[in-house]
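Hello,

Here is the structure I promised to pass on to you. Please have a look, and my notes on what turned up follow below.

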Amino acid sequence: MTQAPWDYLLQQWGPDLFPDIFWPFTIAVFVFFVGQIVVYNVRTRQLHKFEPLVGMQEWLLWTGVITFGLLIIMSIFRWYFLLVLATLVIGLGTYVWVRFIYFPPIVAGYNQHLRRTRFFSQEKYRHPEATIRQRSGGRGKGGSRGKGKRKRR
């Protein structure tokens with residue numbers, strides 16, 4: 001380090017000025033970019049029945065694609081380090097917001113809905129004979145039909 005830390009903010013993000021962190025950072029960003037896509041595909045197949053969780057995975061996917069995609073572009077075209085740092089902070093902040101602030105009330109409401117649905121389903125079939133259809137007592141012993149009834153075709 002030959003300059004003050006704040007002087008590096010207005011320097012180009014490249015391997016010549018940031019030799020210790022440029023390549024590890026760029027490779028890590030690319031790995032996270034690919035990993036985000038893989039995690040999205042795996043988790044949406046696992047959670048396809050639970051709409052709020054799939055929605056959260058979509059939010060996380062697009063946050064990751066935008067953040068990591070921009071960071072890859074910034075590494076290729078050597079943007080100012082201030083913009084790289086700001087993109088990283090905003091992207092990771094959005095991740096935290098989506099996962100821990102925005103979606104937990106939605107998931108909690110959905111879980112309550114599932115519990116309520118399961119409870120009413122159990123109440124409906126609690127009695128052992130609840131699923132057995134009762135016979136109708138409309139027929140006589142001879143099997144003859146009454147006056148107003150027609151035969152179905």
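**Aromatic rings**

Ring pairs join Y8, W13, F18, F22, W23, F25 and F81 into a cluster. Here, rings of Phe, Tyr and Trp (its six-membered ring) pair if their centres lie within 6.5 Å, and planes under 30 degrees apart count as stacked, over 60 as edge-to-face and the rest as tilted.

Before you go further, please note that this is a predicted model: local features need pLDDT of at least 70, side-chain atom pairs count only at pLDDT 80 or more, and totals for chains, interfaces and linings use all residues. Residues are numbered from 1 along each chain as its sequence is written, and side-chain values use heavy atoms, with hydrogens and water left out.

By the ring rule, the count comes to 15 aromatic pairs. One of them is F68 with Y95, a tilted pair at 6.3 Å centre to centre with 35° between the planes. This pair links distant parts of the chain, as F68 is in helix α2 and Y95 in helix α3 (residues 81-124), 27 residues apart. F68 is buried, with a relative accessible area of 7%, and Y95 is buried too, at 17%; buried means under 20% relative accessible area, exposed over 50% and partly exposed in between (1.4 Å probe, protein chains only).

There is also a charge to look at: the charged end of R99 sits over the ring of F100, 5.2 Å from its centre. The rule asks for NZ of Lys or CZ of Arg within 6 Å of the ring centre and within 35 degrees of the ring normal.

**Helices and the chain as a whole**

The protein has three helices and zero strands, where helices (H or I, at least four residues) and strands (E, at least two) are DSSP runs numbered from the N terminus. Helix α1 (residues 22-46) has 25 residues and should span 36 Å, in agreement with its end C-alpha atoms, which are 36 Å apart; the expected span is 1.5 Å times one less than the number of residues. Buried residues in α1 are F22, T26, V29, Q36, Y40 and T44.

In helix α2 (residues 51-77) you will find S75. S75 counts as buried because its relative accessibility is 7%. Leaving out residues up to four places away in sequence, S75 touches W13, F22 and T26, contact meaning heavy atoms within 4.5 Å.

Of the 153 residues of the protein, 23% count as buried. Among contacts with a separation of 6 or more, 65% come from residues 24 or more positions apart.

Best wishes
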